[in-house]
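Subject: Structure for you to look at

Hello,

Here is the structure I said I would pass on. My notes on it follow below.

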Amino acid sequence: MTTRKLNIAVYPGTFDPITNGHFDLIERGARMFDKVVIAVAASPGKSPHLDLETRMSLVKAVCAPLPNVEVIGFSTLLTTMMHEQGATIILRGLRAVSDFEYELQLANMNRAQNPELESVFLTPAVENSYISSTIVREIAKLGGDISPLVHPQVAEALRNHYTS
């Protein structure tokens, strides 16, 4: 009897913060793959507004209803972390044509480093196609209503972050 290898997908990103658009892709990925690892990048070069621990905590809270989703933090090369996770599928989102060129470049570079890796691209539901973490942060900083764009715990965390 042969053992079937699990299809493990990794969805990497800074998730600063996680949005409804991210969750849409995570939820659909969780239906497509045996396991989805949400890999929250430390990304010090991007100067995230929320620290890694907070971003991981928010992703865990948002993804709690999905039993085959795991959340980890990482600060290594994506290909190194993928190997450590036993994963060969990179899950990425494409909101617009403008995302495609950058994502294609990343996919080709990742495959050059490890030919076993495959990138799978999902587009968000139309109601989430305009949402980005940058836009959410900007609205939150200026005191606007972000509740239609993020999970309630994320909205609360951003309110607290920008009013303290």
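Among contacts between residues at least 6 apart in sequence, 74% join residues that are at least 24 apart. Please keep in mind that this is a predicted model.

Overall layout

The protein has six helices and five strands, and read along the sequence they follow the pattern β-α-β-α-β-α-β-α-β-α-α. The C-alpha trace spans about 55 × 35 × 30 Å along its principal axes. For 164 residues, a compact globule would have a radius of gyration near 15 Å, and the 16 Å of this protein agrees with that.

Of the 164 residues, 43% count as buried.

Nonpolar cores

The largest nonpolar core has 33 residues, and those touching the most other members are Tyr-11, Ile-18, Ile-26, Ile-38, Val-59 and Val-69. At least two residues of this core come from each of β1 (8-13), α1 (20-32), β2 (35-41), α2 (52-63), β3 (69-74), β4 (89-93), α5 (133-141) and α6 (152-163). The most is given by α2, with five residues. Another core, of 13 residues, lies apart from this one; Val-37, Ile-72, Ile-90 and Leu-117 are among its members.

Leaving out residues up to four places away in sequence, Val-69 touches Ile-26, Ala-30, Val-36, Ile-38 and Cys-63.

Backbone points in the loops

Two items fall in the loop between β1 and α1. Phe-15 lies in this loop and has a positive phi of about 50 degrees, although it is not a glycine. Phe-15 counts as buried because its relative accessibility is 3%, where the cut-off for buried is under 20%. Pro-17 has its place in the loop between β1 and α1 as well, and the peptide bond from Asp-16 to Pro-17 is cis, with omega near 5 degrees.

Ser-43, in the loop between β2 and α2, is a residue other than glycine with a positive phi, here near 45 degrees.

Two further loop residues

Is Asn-128 buried or exposed? At 10% relative accessibility, Asn-128 counts as buried. Asn-128 lies in the loop between β5 (118-122) and α5. Setting aside neighbours within four places in sequence, Asn-128 is in contact with Asn-20, Gly-21 and Asp-24.

Ala-64 is found in the loop between α2 and β3. Its relative accessibility is 59%, so Ala-64 counts as exposed, the cut-off for exposed being over 50%. From Ala-64 to Met-109 the C-alpha distance is 32 Å, for a separation of 45 residues in sequence.

Regards

How values were computed
Residues numbered from 1 in each chain as written. Predicted model: local features only at pLDDT ≥ 70, side-chain atom pairs only at ≥ 80, totals over all residues. Heavy atoms only, no water. Helix = DSSP H or I, 4+ residues; strand = E, 2+ residues; numbered from the N terminus. Rg over C-alpha atoms; globule rule 2.2 N^0.38 Å. Buried < 20%, exposed > 50% of the residue type's maximum accessible area, 1.4 Å probe, protein only. Contact = heavy atoms within 4.5 Å. Core = buried A, V, L, I, M, F, W, Y, C linked by side-chain atoms within 4.5 Å.
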